[in-house]
Amino acid sequence: MKPIELIEKIKGGEADALLKRVYVTDSAVEEQKPRYIRTVEKFIELFGEDRDVIVLSAPGRTEICGNHTDHNNGKVLAASINLDAIAVAAKSDSDVINEKSEGHPMNTVDLTSLEPNPVDYGKSASMIKGIVAKLKDCGYDVGGFDACTTSDVMGGSGLSSSAAFEVLLGTVISHLYNDGKIDSVTIAKAAQFSENIFFGKPSGLLDQMASSVGSFVTIDFESTKNPIIKKVGFDFEKSGHALCIVDTHGNHSDLTDDYAAVRNEMESVAQAMGKSVLREIEYSDFLKAVPELKGKVNDRAIIRAVHFYNENIRVDKAVSSLENNDFESFKKIITQSGYSSFMYNQNVYTPTNPTEQKLSLALCLSQQMLEGKGAWRVHGGGFAGTIQAFVPLDMLDEYKRTMDSVFGEGSCYVLIIRPVGETRVI
């Protein structure tokens, strides 16, 4: 479809059903149309109007339970959300990818050289290169393309804007060069590989998998090659609660070492017991080994390992509660997860700047308002960024008003659980 035809289709309502499959509500569809049109118009400006284009989407994700468990082959419960990254893309005849993200310079990637380079760590172009390299290595067709992208997944929000971008690029390659046949798990693994090896950021597989697979999903990473993925049958709209993400606008600079330390310390416990990751060790064996571990690893590593094991148990309990439509039990489990992250995993504020505790403040205020009624916990990697809260609908206005008054207007986001992951929209 030519870009001009695409704009007419969106304006005329012919794409409404396709958009609603992704964005759920009629109002959300109407809100998305100007963004889609703006992205197509940018494509025309940069790459011309005579190309055949497709439109793709990859969502941000919210971590429901399983905080910092994935990197040690643990269990998670997550969900895709209505905030997403979209791309208007077209094949090219060259060995070059040109990708223009709204508000950022053009990324140009030469596909004749697909090796990681530490000099390029932290650059979006290196993410693109890494995804192409991994998919090519997996035996899929790759090639040049031109794309304009936009994202409304807030950076630094714990909603995984980087994973949405990575998964989006894998989805582009799947649909432009492989007839959409690259499965969601492979795209997620390519995205994680790119982030680890080409972008230079240590991460587990949760963010990319939740974005790629979509909906409520529980993932068991005991085998990272073949993770067990299960959709969770629960209709959140009937729960009587809203899912809120509160952006505390904390300082995100220089947190990579904090994130890496969580994983490294958990793995140091495993290595002291002759294994690579904690999941390879039974919880009972770990507890028996604590006296011997003391002195071999630091105290915080042992405490973080306790968090890991109990968080895995909480994931199973949370999934069971949802499948049994027991939302009251579910809320208690989520709040317990939050306490464990604060006390044991210790990722609510950075030890390098202990007086800045915006996450702690948001959790404190949430407890004062929601105790006995809702649930609250740190969200995502932690140390700065966002918290998550399940808020009874009759308290939503008050909760949102309170959080916005403390952290700034628009800091509290009310999210929709999106029913699909990575997808071709039009």
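## Basis of the description

Helices are DSSP runs of H or I with at least four residues and strands are runs of E with at least two, both numbered from the N terminus. The model is a predicted one, in which local features require pLDDT of at least 70 and side-chain atom pairs count only at pLDDT 80 or more, whereas totals for chains, interfaces and linings use all residues. Residues are numbered from 1 along each chain as its sequence is written, and side-chain values use heavy atoms, with hydrogens and water left out.

## Aromatic pairs

The structure contains 17 aromatic pairs (rings of Phe, Tyr and Trp, the last by its six-membered ring, with centres within 6.5 Å; planes under 30 degrees apart are stacked, over 60 edge-to-face, the rest tilted). Phe236 and Phe390 make an edge-to-face pair, with 6.0 Å between the centres and 70° between the planes. This pair links distant parts of the chain: Phe236 belongs to the loop between strand E7 (228-231) and strand E8 (241-247), Phe390 belongs to strand E10 (residues 386-392), and 154 residues separate them. Phe236 and Phe390 are both buried (under 20% relative accessible area; exposed is over 50% and partly exposed in between, with a 1.4 Å probe and protein chains only).

How far apart are the ring centres of Tyr283 and Tyr309? The centres lie 4.8 Å apart and the planes meet at 15°, so Tyr283 and Tyr309 are stacked. This pair also connects distant parts of the chain, since Tyr283 is in helix H9 (residues 283-293) and Tyr309 in helix H10 (residues 299-323), 26 residues apart. Tyr283 is partly exposed because its relative accessibility is 23%, while Tyr309, at 6%, is buried.

## Aromatic cluster and a charge over a ring

Phe236 and Phe390 belong to one aromatic cluster together with Phe216, Phe234, Phe327 and Phe330. Elsewhere, the charged end of Lys134 sits over the ring of Phe193, 4.9 Å from its centre (NZ of Lys or CZ of Arg within 6 Å of the ring centre and within 35 degrees of the ring normal).

## The second largest pocket

The second largest pocket has 21 lining residues, and nearest its centre lie Asp235, Phe236, Glu237, Ile416 and Ile417. Which element gives the most to the lining? E8 does, with three residues. A pocket here is an open set of points on a 1 Å grid over the protein atoms alone, where a 1.4 Å probe fits and protein lies on both sides within 12 Å along at least five of seven lines; lining residues have an atom within 4 Å of a point.

By composition, the lining of the second largest pocket has 14 nonpolar, four polar and three charged residues (nonpolar: Ala, Val, Leu, Ile, Met, Phe, Trp, Tyr, Cys and Pro; charged: Asp, Glu, Lys and Arg; polar: the others, Gly among them).

## Salt bridges

Across the whole structure there are 27 salt bridges (a side-chain nitrogen of Lys or Arg within 4 Å of a carboxyl oxygen of Asp or Glu). One of them joins Glu63 to Arg377 at 2.8 Å, N to O. The Glu63–Arg377 pair bridges distant parts of the chain, from strand E1 (residues 54-65) for Glu63 to strand E9 (residues 375-379) for Arg377, 314 residues apart. Both Glu63 and Arg377 are buried. Through shared partners, salt bridges also join Arg35, Asp84, Asp152 and Arg418 into one network.

Lys42 and Glu45 meet in a salt bridge of 3.2 Å, N to O. Both residues lie in helix H3 (residues 26-47), three residues apart, about one turn of the helix. Lys42 is partly exposed because its relative accessible area is 30%, and Glu45 is exposed at 58%. Lys20 forms a salt bridge with Asp26, with 3.1 Å between the closest N and O atoms. Of this pair, Lys20 is partly exposed at 36% relative accessibility, whereas Asp26, at 52%, is exposed.

## Backbone and position

Most residues other than glycine have a negative phi. Ser215, which is not a glycine, has a positive phi of about 65°. Ser215 is placed in the loop between helix H7 (206-213) and strand E6 (216-220), and its relative accessibility of 18% means that it counts as buried. Phe383, likewise not a glycine, has a positive phi of about 70°. The loop between E9 and E10 holds Phe383, which is buried at 5% relative accessibility.

Ala389 is located in strand E10 and is buried, with a relative accessible area of 0%. Between Ala389 and Arg424 there are 31 Å in space, C-alpha to C-alpha, and the two are 35 residues apart in sequence.
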